[in-house]
Each structure stands twice: as C-alpha cells, then as structure tokens.
Amino acid sequence: TSRRQRQMCIRDRNNSDHITRSKVVKPMGTKDTITKDYMADNRVFADMFNHMLYKGKNIIDPDTLHPLDTTALAVPYGSGTSEVPVQKFRDEFKSLNVMHDDSRIYLLLGIENQSETHYAMPVKNMVYDALEYAGQVENSARSHREAKQWPSTSGEYLTGFYKDDRLIPVITTVVYFGPDTWKAPRSLHEMLSIQDPEILSMVPDYRINLFSPAEIKDEELDKLQSNLKEVMLFIKYSKDKRKLQELTSHNPGFRSLELKAARVIDSITGIHLRFTETEGRVNMCQAVQEMCDDARAEGHQEQAMLTAQRMLQDPRFSPEDISRFSGLSLEDVLKLQKK
C-alpha cells in the first residue's frame, strides 16, 4: 500500500470531505443497542457532560454538539511503508464548539456505555484517545502538504506536525448503567503487576472518567436537566422496591417518561415493566406499583401453596376445607393432592 493510499484511510476532522470505506457493523446485544441509542440523544449527551465538566451548570447546549464518525482509524504518525492502519469503534463521539468564560472551547467528546463491569477499561479508552490524537497529527501533516507549507526543521519534517500546531482535547467518559459501584480498575496503574512507586513514577498513568449512578449523590443527580436524571435514579435504587415506590411517586418526571428512557430502565434493570412500544410516554409510578402488586400477589400465592401442602398431610382436612382456609381454588388443591 502506497503512502498516499494509507493517508486516504485517515479520518479528517478538519474539513467536510467524507472518506468512503466498507461499512463494518459492530455486533451489539439488546442492552448495548438500547443504551447506545439513548446516549446518542444530544440532550442526554450534553446533560451528562455538563455534569462531568461543569458540575451541572448548563454550559453545553445540545445544539453545539455535532456527531462524528465513531470509527477510530489512524496510521501512527511518522509511519513507514510497513505500518498497518489501526481501527477501533467507539459507542458515541461528538464535537463541541462552545463559548465559556469569554473563550471559545473546541473539544471532542466520547462516551463508552457499560451495562457490565469492564476490567480493562483504562486500556480500552486509552487506545481510543491515542488513535484520535494520532489521527489529528496525521491530518495536520496532510493539511500542510496540501497547502504547500514546507517544514522549517527536521523535527517538523519527520512528523508533519509543526511547532505551532495544536491538538483538540479528547475527553472520553464511561457511563456505567449498573446499580452498584464500579469494581474494576479505574486507572492503568491499577492494572499493572508491579506497584513499586519508583517504577510507577516512570510509567504514565491513564485514568477513566466514570459516570456511575451509585457513586453520585442524589442532589447531584437532581441537577441533571434531561430524563437522564430519572434513568440514573431508577437504576441506582432498582434493588429497593420500597425506595422505587417513594422515588417514582414524588418525582413528577416519572409520571410521563419518554419511551426511550423507559426502555433503558426496563432493559438494564430487568424488572419487566408493563408498557407498550406504541406509547410515546410511560407512567413509571403506575408501572412500579403494578410491579410491586405482582410481587405481593406472587408472595401470597406462594404462601397459600405452602399452607395447602401442609394441610394435605393431615387427613382431618378435606380438599374443600383446605380451599376455604388457604384461599386456593378447589381445582388447585386437587392438583396438589395428586402430586
């Protein structure tokens, strides 16, 4: 492959040219598909990064976000003819152009959705970010060549990245859709077999940015502006039915939740809420009440079965007596008797 052909594989963030390449489909499970579709919403995406970057202040407007190709494809800068392009796939990737504190800020923002713990997340994200920076370096080199801006030093010649060139910061956040705390490594150093401080001081660390509902205080989640607040609060307390009833009954946002958000909750928590796909919105208060009623009914049914089984062992009780006392139908009592 010629150098020019390799260069054509590089994604260009700096102009509107689109590079054609074969489409690669990333296989995803149901949870991955639903969470990816949900976090792609600019309102939700902006809400999460406002929390992470600006402590809940409404700095990032959804309209200032623009989707980017989630394929991270790059040839390491200064590569020779034997180098092979590296390709990875992000969950979500957007560019941001916003004014803050009288300064214009350009950022590249990525999200990795996790419904399960990932024990190599620092390495995974580090690769994504490194590929993006390598792509920016290569794009700068190509821009200089196309503009016939020749290098003035040997260092500029070797990399194509000139003294005054600058990179756009890349920030990747892991959104963990789990009710428990993140128990996997949060930094590269935690993954290493050696923990000698002197050695670690020479090994650059890489830490993940983590958005995990179990580790965020309720008052901080309350600052969220989109229905990400309801989704994360529900997931946080998904194992506590009493808390869920209290939460959904007191929070107005749960009375009319967008279907896309309700679908995330149902998929992640596995509590099997009853709603139809044709509904535009879901009353989560009613759905949780129905869930709790079903649980109580199942509990009563189980208790009635145990009572009937004990009474069947006593010849003094007829099936009719057992039916009246346990609350089971006579048909169910007779079925138990046969067993």
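**Notebook: helix packing and aromatic pairs**

I began with helix H2 (residues 30-39) and H11, whose axes come within 10 Å and cross at roughly 150°. I took axes as lines fitted to C-alpha atoms, for helices over the stretch in contact, with angles from 0 to 180 degrees between N-to-C directions. Helices (H or I, at least four residues) and strands (E, at least two) are DSSP runs, numbered from the N terminus. The model is predicted, so I kept local features to pLDDT of at least 70 and side-chain atom pairs to pLDDT 80 or more, while totals for chains, interfaces and linings use all residues. Residues are numbered from 1 along each chain as its sequence is written, and side-chain values use heavy atoms, with hydrogens and water left out.

**H2 against H11**

H2 and H11 are therefore roughly antiparallel to each other; angles under 35 degrees count as roughly parallel, over 145 as roughly antiparallel, 65 to 115 as roughly perpendicular and the rest as oblique. I noted that H2 passes H11 in a left-handed crossing (left-handed if the near helix is turned anticlockwise from the far one by less than a right angle, right-handed if clockwise). For the contact (heavy atoms within 4.5 Å), I listed Thr 30, Lys 31, Ile 34, Thr 35, Asp 37 and Tyr 38 from H2, meeting Lys 260, Ala 261, Arg 263, Val 264, Ser 267 and Ile 268 from H11. By class I get 5 nonpolar, 3 polar and 4 charged residues. Here Ala, Val, Leu, Ile, Met, Phe, Trp, Tyr, Cys and Pro count as nonpolar, Asp, Glu, Lys and Arg as charged, and the others, Gly among them, as polar.

**A look at H11 itself**

In H11 (residues 259-269), 9 of the 11 residues are buried, so the helix is largely enclosed by the rest of the structure. Buried means under 20% relative accessible area, exposed over 50%, partly exposed in between (1.4 Å probe, protein chains only). Among the buried ones I find Asp 266, Ser 267 and Thr 269. After H11 comes Gly 270, with a positive phi near 65°.

**H13 against H14**

Next I checked helix H13 (residues 319-326) and helix H14 (residues 330-338), which pack at about 120° with axes 9 Å apart. That angle makes H13 oblique to H14. H13 passes H14 in a right-handed crossing. Pro 319, Glu 320, Ile 322 and Ser 323 of H13 make the contact with Leu 330, Val 333, Leu 334 and Gln 337 of H14. I sorted these into 5 nonpolar, 2 polar and 1 charged.

**Aromatic pairs**

I searched the whole structure and found 3 aromatic pairs. Rings of Phe, Tyr and Trp (its six-membered ring) pair if their centres lie within 6.5 Å; planes under 30 degrees apart count as stacked, over 60 as edge-to-face and the rest as tilted. Tyr 176 and Trp 182 are edge-to-face, 5.1 Å centre to centre with 85° between the planes. Tyr 176 counts as buried at 3% relative accessibility, and Trp 182 counts as buried at 3%. The Phe 234 and Phe 254 rings have centres 6.2 Å apart and planes at 55°, so I call this pair tilted. Phe 234 sits in helix H9 (residues 228-236) and Phe 254 in the loop between helix H10 (241-250) and strand E8 (257-258), 20 residues apart. Both Phe 234 and Phe 254 are buried.

**Chain totals**
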